[in-house]
Amino acid sequence: MNEELWDVINHLGEERERWLGAVAPPIFQSSMFAYPTVDALREAVAKEMDVPFYTRGHNPTVRLLAIKLAALEGAEEALVFSSGSAAMAAAILAFLRSGDHLLCVEKPYGWTAVLVREMLPRFGISAEFLDMRDPAAVAAAIRPNTRMIVLESPNSWTFEQQDLKAIAALARPRGILTVCDNSYATPLLQRPLALGIDLVVHTLTKYLNGHSDALAGAVCGSRKLIERIFRGPYMSFGAVLSPHDAFLIIRGLRTLPLRLERSASNAEKVAHFLAQHPKVRALWRAATGERSPGGQLEGGNGLITIALNGGAAAAERFCNALRRFLLTCSWGGYESLAWPLAALYPKGYEGPLPKGLSLDMVRLSIGLEPAERLIADLEQALAAA
Ligand SMILES: *Cc1c(COP(=O)(O)O)cnc(C)c1O
């Protein structure tokens with residue numbers, strides 16, 4: 001992969017000889033593409049996924065992004081969506097029907113959880129959240145009508161991992177589809193398809209774009225599975241990406257390896273500082289390299305979750321005192337962010353929380369700034385906590 005990486009990012013799919021030698025790809029801002037004869041039209045309609053005809057099905061700028069993502073994931077095909085959530089919903093809904101059962105990893109991305117917990121049951125699909133750190137627990141939870149396992153490794157907030165190879169090996173022989181949200185790792189640090197997973201979902205809004213200026217998502221997998229998604233939710237729900245936004249994501253992708261490396265090395269320094277600070281009660285980072293299941297996660301990203309001594313009030317004082325970190329959701333951009341879990345709940349909330357989460361938790365997304373500058377900001381904010 002490594003030697004091919006830059007060929008994919010810089011060149012793959014760019015039809016420069018047809019595009020007047022344009023180094024950056026043109027934005028094909030056209031909702032449809034015309035053909036000279038009825039025969040040519042008929043052929044285009046029949047191949048709607050592969051040729052420009054109607055932009056909901058195929059647009060050359062959007063397609064260029066899909067080609068690059070498929071290659072990065074080692075997939076035959078990919079489809080690009082208007083958000084990561086749209087991509088996840090399409091990957092799930094294309095394959096399930098009333099009466100099916102789905103297993104989902106505990107504490108996935110919030111809107112994945114809502115889809116699984118609240119929407120699927122309305123269509124007769126039963127769903128269950130499970131701690132999947134031990135593949136044996138997954139094996140034990142499989143029922144005769146289990147059709148899909150939804151993974152997110154590492155998951156949101158606490159970065160727990162699932163052994164992708166072991167779970168894929170359990171699922172495949174039983175005809176159960178596996179879907180893995182690979183957003184944390186990006187295709188550079190973890191390649192679930194090579195481990196036997198059927199479909200990989202990404203939000204492109206985070207590292208792949210990296211500039212906090214567009215939302216997008218993708219699903220990567222075999223031609224057969226991707227065609228099912230295309231002929232189902234992709235075309236009929238129509239949550240597709242605009243050519244303008246595809247252009248932005250392609251532009252962001254050009255620097256992904258550099259940004260990811262810098263975020264991760266910054267986060268390493270910041271985590272080192274935070275881990276020994278007396279106001280930090282606990283710190284979560286994903287286990288990487290040989291400490292991850294089967295060595296599946298090659299490296300870390302810029303995410304760190306901390307919990308503070310002094311409870312929710314201390315976490316709130318800490319966040320309010322930050323000057324360089326912006327207080328908001330999301331992650332994976334050029335800029336550093338702080339996202340307090342308490343922002344998801346009413347002030348003074350004392351009700352139940354998902355297992356393992358507490359209101360003194362703050363997730364930090366470490367950006368590209370000099371690490372010393374970020375550490376100085378954290379130091380003064382912790383003093384105020
Ligand atoms: C943000 C996020 C999503 C959803 O992506 P959007 O582009 O915001 O819809 C899905 N999975 C994970 C892990 C995320 O962090």
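User: Which residues do ring pairs link into a cluster?

Analyst: In this predicted model, the cluster consists of Phe81, Phe230 and Tyr234, linked by ring pairs. The whole structure contains six aromatic pairs.

User: Why is the pair of Phe81 and Tyr234 called edge-to-face?

Analyst: A pair requires ring centres within 6.5 Å, and edge-to-face requires planes over 60 degrees apart. The centres of Phe81 and Tyr234 are 5.1 Å apart and their planes stand at 85 degrees, so the pair is edge-to-face. Phe81 belongs to strand β1 (residues 77–81) and Tyr234 to helix α9 (residues 223–237), so the contact ties together parts 153 residues apart in sequence. Both Phe81 and Tyr234 are buried.

User: What makes Trp157 count as buried?

Analyst: The term buried applies under 20% relative accessible area. Trp157 has 9% relative accessibility and therefore counts as buried. This residue is found in the loop between β4 and α7, and its phi is positive, about 75 degrees, although it is not a glycine. Most residues other than glycine have a negative phi.

User: How do you know that Arg363 lies over the face of Trp157?

Analyst: The distance criterion is CZ of Arg within 6 Å of the ring centre, together with a limit of 35 degrees from the ring normal. Arg363 is at 5.3 Å from the ring centre of Trp157 and is assigned to its face.

User: Which peptide bond is cis, and where is its proline?

Analyst: The cis bond joins Ser153 and Pro154, with omega about -10 degrees. Pro154 is placed in the loop between β4 (146–152) and α7 (164–171). Most peptide bonds are trans.

User: What makes β8 and β10 edge strands of their sheet?

Analyst: The open sheet of five strands has the order β8-β9-β12-β11-β10, with mixed pairing. β8 (280–284) and β10 (326–327) each have a single partner strand, so one side of each is left without a neighbour in the sheet. Helix α12 (residues 311–321) packs on this sheet, with contacts to β9, β10, β11 (337–340) and β12 (361–365).

User: How do you know that β8 and β9 pair?

Analyst: At least two bridges are needed for two strands to pair. Four bridges join β8 to β9 (residues 303–308), and the two strands run antiparallel. Within this pairing, Ala282 stands opposite Ala307 in β9.

User: Why are β1 and β3 placed at the edges of the other sheet?

Analyst: The open sheet of seven strands is ordered β1-β7-β6-β5-β4-β2-β3, with mixed pairing. β1 and β3 (126–130) have a single partner strand each, so one side of each lacks a neighbour in the sheet. The twist averages 20 degrees from one strand to the next.

User: What is the sense of the pairing between β4 and β5?

Analyst: β4 and β5 (residues 177–181) pair in the parallel sense over five bridges. Met148 stands opposite Leu177 in β5. Helix α7 packs on the sheet, touching β4 and β5, and its direction makes about 175 degrees with that of β4.

Technical notes: Residues are numbered from 1 along each chain as its sequence is written. This is a predicted model: local features need pLDDT of at least 70, side-chain atom pairs count only at pLDDT 80 or more; totals for chains, interfaces and linings use all residues. Side-chain values use heavy atoms; hydrogens and water are left out. Rings of Phe, Tyr and Trp (its six-membered ring) pair if their centres lie within 6.5 Å; planes under 30 degrees apart count as stacked, over 60 as edge-to-face and the rest as tilted. Buried means under 20% relative accessible area, exposed over 50%, partly exposed in between (1.4 Å probe, protein chains only). Contact means heavy atoms within 4.5 Å. Axes are lines fitted to C-alpha atoms, for helices over the stretch in contact, and angles run from 0 to 180 degrees between N-to-C directions.
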